[in-house]
Amino acid sequence: MTVTIVGAQLGDEGKGGIVDLYGDSADIVARYQGGDNAGHTVVHEGEEYKLSLVPSGAVRGKVGVLGNGCVVNLRTLFDELDQLGERGLQPDVRIAERAHAILPYHRVLDGIEEEVKSESDSEVGTTGRGIGPTYEDKAGRRGIRIGDLRNTEVLRERLEYVVPQKRALIEDVYGVSVDELDNSDAFDVDALFEEFHAFGKRLVEEEMIVNAGAFLNEQIDSGANVVLEGAQGTMIDIDHGNYPYVTSSNPTAGGAAVGTGLSPGTVGSGEVIGIVKAYLTRVGSGPLPTELGGVVGDTPGYDGDGDDEELATYIREEGGEYGTVTGRPRRVGWLDIPMLRHAARRSGFTGLAVNHVDVLAGLDTVKVGHAYELDGERRMTIPATTEQWGRCEPVFRSFEGWPDVDWAAVAAEGYEAIPDNAQDYLEYIERETETPVYAIGVGPGRNESVVRQRAFE
Ligand code: GDP
Ligand code: IMO
Ligand code: MG
């Protein structure tokens, strides 16, 4: 059986913690899309682990798989594995032969493309990890896959084909001289060959390369429980998010089938859990109708003087809302219900986990964007174009706040111990999304969750 974890908002909903929670009774945790743009936090025995590529269950001794839908930066992966090794962990991580490798030139291109876009204020605010350029090469049929790294002839042939194109792009289109770049090796076939051939050897020696689709299907057939760990979130899905302020993959549940090689039936017959932050955060540019305050450089048109600045700062500090990968302050807003209705539909959530309920404790009033007004009409879900979404005015509903309590004690006692006003808030979310709340996060620690529905039972 599978449990698929999907971000219901804009990423950073606390997916890592919920994968950890539900991964307890799993045998395997597999990522199905994205790469080291993800930053997932797991707190295990008081130790905090920030993981970009290693699937969250792997710190707890589960087999971790990076599926064919992922893009893998092997420098990051081996650094992460080596660092976990220094902390006494030896995660068992396998990578799909069909997954694409992020090459150093992808990162350089990500940076240059963002810089060019910033001249017309149209940058996405990417994580700079080369994610978009790698998926572009995958779709353009000029990518290099993990399986290619084992074969020296194939690797050299692929590099000799693609690197001159990248050089020409940098020099002729962007007008940047490769030789003047700090990392001009990123465009040198011999240097790339040497580094990636060595990565290939290490992957083979450590028996990390697998036909992930075959492996996962066999495991499921023999009764294994598999968590499919989504990265990013529904609103930054390349198809169902707010294009072009999106990542270049499909974090929604359909991506879990395509990105692992499991059938849609297999994924659909398991649980699909939408992870919701009790408010909203966003890293990077694009609209955010329920935004409080703003972040200069990310919030469109924002110059440092917005509404509810104090409240935004309070929530940002209480929630530690700074990027796991980049350290950037996250934009903060009230929960957006049209967004959640959209997410629940697109992924067919069977349950929700609502995190960060503790962060809002102590506020007199907690608001939600219940609907939008657009061109004089009321909208209950997200419009398909980003231009329209940017013009949506939220119609707010207010809830009475709940007190700050001993959340560890609440987690130990269960749902009934959650303050009444917070229960009202959770039940409202259930009604509006037509989805039961399976788990409630009341703190970052593993034991700071109230679980109403266990996985794999
Ligand atoms: P992910 O990318 O979806 O895995 O989320 P991140 O790890 O980027 O961000 C979530 C942050 O919130 C991490 O620092 C978590 O430890 C923390 N966190 C997760 N759930 C809760 C919660 O219920 N309450 C609080 N206060 N923090 C939480
Ligand atoms: P996790 O898995 C939040 C955002 C970036 C940018 C856009 C495109 O930790 O929830 P990219 O580098 O992917 O091309 O950037 O997507 N973004 C995320 N925001 N959480 C993430 O991952 C994100 N991964 C990408 O900020 O706006
Ligand atoms: Mg994150």
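In this predicted model, 20 residues surround ligand 2, the closest being Asp12, Lys15, His40, Thr127 and Thr247; a residue is counted as near if one of its heavy atoms lies within 4 Å of the molecule. Around ligand 1 there are 18 residues, of which Lys15, Gly16, Thr41, His356 and Asp358 come nearest.

**Ligand 2**
- Polar contacts are pairs of N or O atoms within 3.5 Å.
- The side chain of Thr247 places a polar atom 2.6 Å from an oxygen atom of ligand 2, and a polar side-chain atom of His40 lies 2.7 Å from an oxygen atom of this ligand.
- The protein covers 97% of the 550 Å² of accessible area that ligand 2 has on its own, by the Shrake-Rupley method with a 1.4 Å probe.

**Ligand 1**
- A backbone N or O atom of Lys15 is 2.7 Å from an oxygen atom of ligand 1, while a side-chain N or O atom of Asp12 is 2.9 Å from an oxygen atom of ligand 1.
- Of the 580 Å² that ligand 1 exposes when taken alone, the protein buries 92%.
- Domain 1 (2-95 + 207-272) and domain 3 (276-451) each give at least three residues to the shell around ligand 1, with domain bounds taken from an automatic or database assignment.

**Conventions**
- Residues are numbered from 1 along each chain as its sequence is written, and chains are lettered from A and ligands numbered from 1 in the order in which they are written.
- Local features need pLDDT of at least 70, side-chain atom pairs count only at pLDDT 80 or more, and totals for chains, interfaces and linings use all residues, while side-chain values use heavy atoms, with hydrogens and water left out.

Note on methods
A polar contact is a pair of N or O atoms within 3.5 Å; within protein, one must be able to donate a hydrogen and the other to accept it, and residues adjacent in sequence count only if both atoms are side-chain atoms.
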